[in-house]
Amino acid sequence: MRTALNLLNKIVDLGYDQQKVLVSIDKILDKKLGIEGRKPLSDEVLTDIIFEDILGIFQEEAGKSQEGCSASI
């Protein structure tokens, strides 16, 4: 299993702003895991399903952004 910090770094590598991603991940994890008992990002272990679901959201958005850029060239 991977941590929320791994997820943050992977999404930032897609070109997203770290602070904005951090807020988004935090909100998503609050909904999925609940606010109670949350750990620091480096200690918060995510199941592969949750990790891939959240990463997929950002990958899909990154793909849409790239398609829009190439279409306007």
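Begin by selecting E44, which is buried, with a relative accessible area of 5%; buried here means under 20% relative accessible area, exposed over 50%, and partly exposed in between, computed with a 1.4 Å probe and protein chains only. What you have open is a predicted model, in which local features need pLDDT of at least 70 and side-chain atom pairs count only at pLDDT 80 or more, while totals for chains, interfaces and linings use all residues. Residues are numbered from 1 along each chain as its sequence is written, and side-chain values use heavy atoms, with hydrogens and water left out.

**Around E44**

E44 sits in the loop between α2 and β2 (45-46); helices (H or I, at least four residues) and strands (E, at least two) are DSSP runs, numbered from the N terminus. Show the side chains of E44 and R38 together, and you will find a polar contact between them at 2.6 Å. Such a contact is a pair of N or O atoms within 3.5 Å; within protein, one must be able to donate a hydrogen and the other to accept it, and residues adjacent in sequence count only if both atoms are side-chain atoms. Leaving out residues up to four places away in sequence, E44 touches R2, T3, A4, L29, L33, R38 and K39, where contact means heavy atoms within 4.5 Å.

**Stepping back to the whole chain**

Now colour the chain by secondary structure, which shows three helices and two strands in the order β-α-α-β-α along the sequence. Of the 73 residues in the chain, 22% are buried. Among contacts with a separation of 6 or more, 67% are between residues 24 or more positions apart.

**Strand β1 and T3**

Select T3 next, in strand β1 (residues 2-3), where a relative accessibility of 16% makes T3 count as buried. Not counting residues up to four places away in sequence, T3 touches L41, S42, E44, V45, L46 and F51.

**Helix α1**

Moving on to α1 (4-13), highlight its buried residues, A4, L7, L8 and I11. Viewed down the axis of α1, these buried residues fall within an arc of 100 degrees, so they line one face of the helix; the arc is that of the directions from the helix axis to the C-beta atoms. L5, also in helix α1, is partly exposed, with a relative accessible area of 32%. Apart from neighbours within four places in sequence, L5 is in contact with L41 and S42. Just after α1, look for G15, which takes a positive phi of about 110 degrees.

**Helix α2**

Continue to D17, which caps the N-terminal end of α2, with a side-chain oxygen 3.2 Å from the backbone nitrogen of Q19. Helix α2 (residues 18-33) has 16 residues and reaches 21 Å from its first C-alpha to its last, close to the 22 Å expected at 1.5 Å a residue, the expected span being 1.5 Å times one less than the number of residues. Which residues of α2 are buried? They are V21, I25 and L29, and, seen down the axis of α2, they fall within an arc of 60 degrees, so they line one face of the helix. Turn the view to the other side of α2 to find Q19, K20, K27 and K31 exposed. G34 follows α2, and its phi is positive, near 90 degrees.

**The nonpolar core**

Next, select L7, I11, V21, I25, L29, L46 and I54, which touch the most other members among the 13 residues of the largest nonpolar core. A nonpolar core is a set of buried Ala, Val, Leu, Ile, Met, Phe, Trp, Tyr and Cys residues joined through side-chain atoms within 4.5 Å. The elements giving two or more residues to this core are α1, α2 and α3 (48-71), with α3 giving the most, five residues. Focus on L46, which touches M1, R2, T3, A4, L7, L29, L33 and F51, again not counting residues up to four places away in sequence.

**Last stop: T47**

Finish at T47, in the loop between β2 and α3, which is partly exposed, with a relative accessible area of 35%. A polar atom of the T47 side chain lies 3.2 Å from the backbone nitrogen of I50.
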